Every structure is written in structure tokens, then in C-alpha cells.
Amino acid sequence: MKVRKLFAPLLVLMLLLSLTACGGSATAEDNYYSAEMDMAPGAAPEEGLSKSEVTTDTQLPTDRKLIRTIDIQAEAEDMDALTQDLTARITALGGYVEAKNLYNGSTYSGYIRRNMSMTVRIPADKADEFISRVSENSNIVSSTEHIDDVTLQYVDTESHVKALETEQERLLALLEQADNLQDILALEERLTQVRYELERYASRLRTLDNQITYATIHLSITEVKEYTPVQKEEPTAWERISKGFVRSLKNIGEDLEEFLIWVAVNSPYLLIWGVILTAVILLLRRRVRRGSRRRRNPTPPTEEKPE
């Protein structure tokens, strides 16, 4: 009985000590995260939400923040008409051309194959309408679409902006109440850092807003004489033979046309070289004739007269 009476208080004391230790460790961890929240926002990781930045009122937006990027390769029979139509359509949809490159062909080649590349920014809700316009006036050879979900990155950046704005207001309030020069200098230095970080995160937020609001469409167009046929089903052997035969005849006709064009373009050079070669051939033939005549009629040796 005495042992049980002594063991009971010891057990209660051990339980109290264990609860006190657990409470102390939890308090230390809370103080650690509280210290992380008070440190400079620039020292926190930029990507993702760290444990110190997650609060109970942080919620993801119901609408996802999506960046849409589309790559299109198309063919056009009339490059100028298509360019004018697309430019007018871009303006009507409220978009703009971010970059444009037009290649009109090389003067050293017989056939000029023009191509154009454009980077177009179209409001995200009207991107499909613009793609339909491109499909109506050209032949889309290939199309690739990529959607990047930046919801977490957007929320992270937005939380940084709000935290920095709150800290800036507190620093301004403390600066008005400070009367010590050392405190004023320290507050102004921290305020400068906060303003720099605030501008950096606000700039990133504006960039994300622009990328989310406007879809990016990379458009590459090649001018062709006829569109590349789209084969939906596997052709039969006879279809392959007939199409290959027609294609060969067409290639022969195009090659003959290119040869005649090349002859017409280079006719001055051909004429000059023809005259030179003709003169050289005539001189060589004349020399050959003279040589043959000398071999046929050799000159008799001259006789010496006696004195």
C-alpha cells in the first residue's frame, strides 16, 4: 500500500512534466514560424508557398489562372490577302501583333517561296474565334496547344504583395512616431527594401495578368501554289500509283518551266560564252587544217649549186 501511495504521485508528476515539455516545444515551433513571418519577404522562397506563408485565410481562387500558348503552321495561296485579313481581324478582336517576320524569297532562286511568321496576342476568350478565321482562309498543316496552370504561382505572388503593402503601412506609421535618428535611418532603410520588393512582385503580377488575359499564338504561314492534301484514310495501291504518276508529270513540267526560265534569264551570259566558244573552235579548226595541208604537201629540200 505504501508503495502504491508513493508511485501514484510520481506518475502524476511525470505526466505533468511531459505535458509541459510538449507545450514548450510547440511554443518554440510557433515562435520559429512567427520569426520567419517577421523576416524580410525577399528572403523567403519565391516559388511555391512555404509553411510560414500559409495562413488560415489563404484560399485558391475558384477560377484557375491559365496561360494558353498555341503554335500553328499553315499554308496560303495568297500571302498578301491573308496578311491583310488577319491584321484586320486581330484589331477587331482587341489583340495586337507582338512580333512579325516576312520573307519575300531569294532573287537567286527561280521560284520565290514566301513565308511569314507572327506572334499574336489575342484575348483568351476570343482565341478560338481567331483560330477559326485562320482555318477559313488558309490550310492548317499542324497545330499545337499548351496550357500552363499558374494558379499557385499567382496566389503566392499576390500574397507577397499584400504582405509587403501591410509592412509598408506599418513602417510609415512607425516612421512618423520615431524621434531617434538611428531608428529613423533603420526604418527608412527597411522601407526602401520593402518598396523594392513590392515593385518586383507587383511587376511579376502584372506580367502574369497579361499572360493570362491574352493568349499567345505563334503563327507560321508558307505561300504555296496549291494546298497540301489532308489524307484522312489510308490510300489504296492504285490511288498511290495514280497520284505518284500525276505528281511525276507535274514535277517534270515544273522542271521544264524552271529550265526555260533559267535560259531566258541567263541568255546574255550564254550568248557571250557562245561567241567566245565559237571563235575558239574556229581557230582550232583552222590550225588543224593548216597542219593537215603541211603533212600532205611537204616542201622539197633546196639543192646546193656547185661553185
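User: How do α2 and α3 cross, and how close do their axes come?

Analyst: Two packed helices are described by the angle between their axes and the distance between the axes. Here, helix α2 (residues 79–92) and helix α3 (residues 127–137) have axes that come within 11 Å and cross at roughly 165°. That makes α2 roughly antiparallel to α3 (over 145 degrees; under 35 is roughly parallel, 65 to 115 roughly perpendicular, and the rest oblique). Axes are lines fitted to C-alpha atoms, for helices over the stretch in contact, with angles from 0 to 180 degrees between N-to-C directions. Helices (H or I, at least four residues) and strands (E, at least two) are DSSP runs, numbered from the N terminus.

Before we go on: this is a predicted model, where local features need pLDDT of at least 70, side-chain atom pairs count only at pLDDT 80 or more, and totals for chains, interfaces and linings use all residues. Residues are numbered from 1 along each chain as its sequence is written, and side-chain values use heavy atoms, leaving out hydrogens and water.

User: Which residues make the contact between α2 and α3?

Analyst: On α2 they are Leu82, Asp85, Leu86, Arg89 and Ile90; on α3, Glu129, Phe130, Arg133, Val134 and Asn137. Contact means heavy atoms within 4.5 Å.

User: And what about the sheet: in which order do the strands sit?

Analyst: Strands of a sheet pair through backbone hydrogen bonds, either parallel or antiparallel. In this open sheet, five strands follow the order β2-β3-β5-β1-β4, with mixed pairing. Two strands pair if DSSP finds at least two bridges between them. At the edges are β2 (96–103) and β4 (139–149), each pairing on one side only.

User: How many bridges join β3 to β5?

Analyst: Nine, and β3 (residues 115–123) runs antiparallel to β5 (residues 214–223). Pro123 stands opposite Tyr214 in β5.
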